[in-house]
Structure formats: structure tokens, C-alpha cells
Amino acid sequence: MVASPKGNELIEKIIFINRVAKVHKGGRRFRFSAIVVVGDGQGRVGYGLGKAPEVPDAIRKALEKAKKNMIQVPVKEGTIPHMIIGEYGAAKVLLKPGRPGTGVIAGSTMRAIMDAVGIKDIVTKCIRSTNPHNVVKATFRAFELLQSPDYVVKKRGLSQEEIGESHG
């Protein structure tokens, strides 16, 4: 964990490390790429991809990019406000809010993201590709499409009770 400028701790999760080779006349040259997620456990999360000749350098670069690209996710009582589907490339992810006590029902890639965001109860499913790069990007696309109840209330010009009754 690393301290952020606000004083609270950031949660860092390494999602995937890949070794890639470039073939030269004298043989193979190996490099590493790392996907990392960083979050504060309070709804802010970001991801980054770093590439370098050594694993620690790749992770460090990915962490720097993740901290720069953080977004705010509307978290309501430990879960998301509504069901959402996110797509990126061949990956398609389904995120459903969970009742209190459900826990995080997700694969390893999405579990790391949910832990970093601070979501405690959620049901997720990778519908098509499980490539970690595309799953991370599809999950972040879904987060960007989420709308908080407060935002919907302002947009529609209704009260919180009227929104609740229309879905009941």
C-alpha cells in the first residue's frame, strides 16, 4: 500500500504479468508487461499497463499510470447502484449488485478490481473473452456507464422516493 496525497492508503493489486520476446539475430530479447489496479477502497480506482526489461520496473510504470488514470465509481452500501454490461474488444462483462452478505463473486481479474474499488457485495460474469487486458477495460467501461441514484434524481427532476416507487 502507498500513501496518496490525501493521506489515505491506496490498494495496489497486480492483475497480470506477461513475458514477451523479441527475436534478434543474436537470440531472443525478453521484456515484461504488467497490468495493475490501484484504488482507495472508497470508490476511486484506476488501472495501468507498464512495459520494461525487468518485472519491478514494469510494475512501477503500471502503478504510476494507474494513479494518473483514476475514476470515481458510484458505490452504494457496498455494492453498485444497478446492473450494467461493459464491453471492450471481445470481452463482455456483466456486473450485478449483490445483497448485503453476498460477497464478491468474481474471477481473479475482476475480484482484484472490486477489492480496489471497495465493493463488498457484487455478482460478476465474464461472458465472452477472459483476456485480462480486455476484461479490465470492459469492467472500467461498465464503471463509466454506472449512474448514481443522486445523479438520476437530478436528471429526471424527481424525488428519491418517486425513483424508488417507479422500480418497485
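Trainee: In the hairpin of β6 and β7, which residue takes a positive phi?

Mentor: Good place to start! This is a predicted model, and in it the hairpin of β6 and β7 has two residues between its strands, with Gly-89 taking a positive phi near 60°.

Trainee: How do β6 and β7 run, and how many bridges join them?

Mentor: The general idea comes in one line: strands of a sheet pair through backbone hydrogen bonds, either parallel or antiparallel. Here β6 and β7 run antiparallel, joined by five bridges.

Trainee: What order do the strands of the open sheet have?

Mentor: The order is β6-β7-β9-β8, four strands with mixed pairing. Residues 84–88 form β6 and residues 104–105 form β8; these two stand at the edges with a single partner strand each, so one side of each has no neighbour in the sheet.

Trainee: Which helix packs on the sheet and touches β7, β8 and β9?

Mentor: That is α2, residues 108–117, and its direction makes about 145° with that of β9. Helix α3 lies across β6, β7 and β9, running at about 135° to β6.

Trainee: What joins β7 to β9?

Mentor: Five bridges do, between residues 91–97 and residues 122–126, and the two strands run antiparallel. Look for Val-93 opposite Cys-126 in β9, then for Leu-95, whose bridge partner in β9 is Thr-124.

Trainee: Let's turn to α3. Is Asn-134 buried or exposed?

Mentor: The cut-off for buried is under 20% relative accessible area. Asn-134 has 16% relative accessibility, so Asn-134 counts as buried. This residue is found in α3, residues 132–145. Leaving aside residues up to four places away in sequence, Asn-134 touches Tyr-88, Ala-90 and Ala-91.

Trainee: Now for α1: which of its residues are buried?

Mentor: Here is the idea to carry with you: an α-helix has 3.6 residues a turn, so residues three or four places apart point the same way. In α1, the buried residues are Ala-58, Ile-59, Ala-62, Leu-63 and Ala-66. They are on the same side of α1 because they cover an arc of only 135° around the axis. On the other side, Pro-56 and Lys-68 are exposed.

Trainee: Which strands do the buried residues of α1 pack against?

Mentor: They pack against β2 (9–24), β3 (27–39) and β4 (44–52).

Trainee: And how far does α1 reach from its first C-alpha to its last?

Mentor: Helix α1 covers residues 55–68, 14 residues in all, and reaches 20 Å, close to the 20 Å expected at 1.5 Å a residue.

Key:
Residues are numbered from 1 along each chain as its sequence is written. This is a predicted model: local features need pLDDT of at least 70, side-chain atom pairs count only at pLDDT 80 or more; totals for chains, interfaces and linings use all residues. Side-chain values use heavy atoms; hydrogens and water are left out. The expected span of a helix is 1.5 Å times one less than its number of residues. Buried means under 20% relative accessible area, exposed over 50%, partly exposed in between (1.4 Å probe, protein chains only). The arc is that of the directions from the helix axis to the C-beta atoms. Contact means heavy atoms within 4.5 Å. Two strands pair if DSSP finds at least two bridges between them. Axes are lines fitted to C-alpha atoms, for helices over the stretch in contact, and angles run from 0 to 180 degrees between N-to-C directions.
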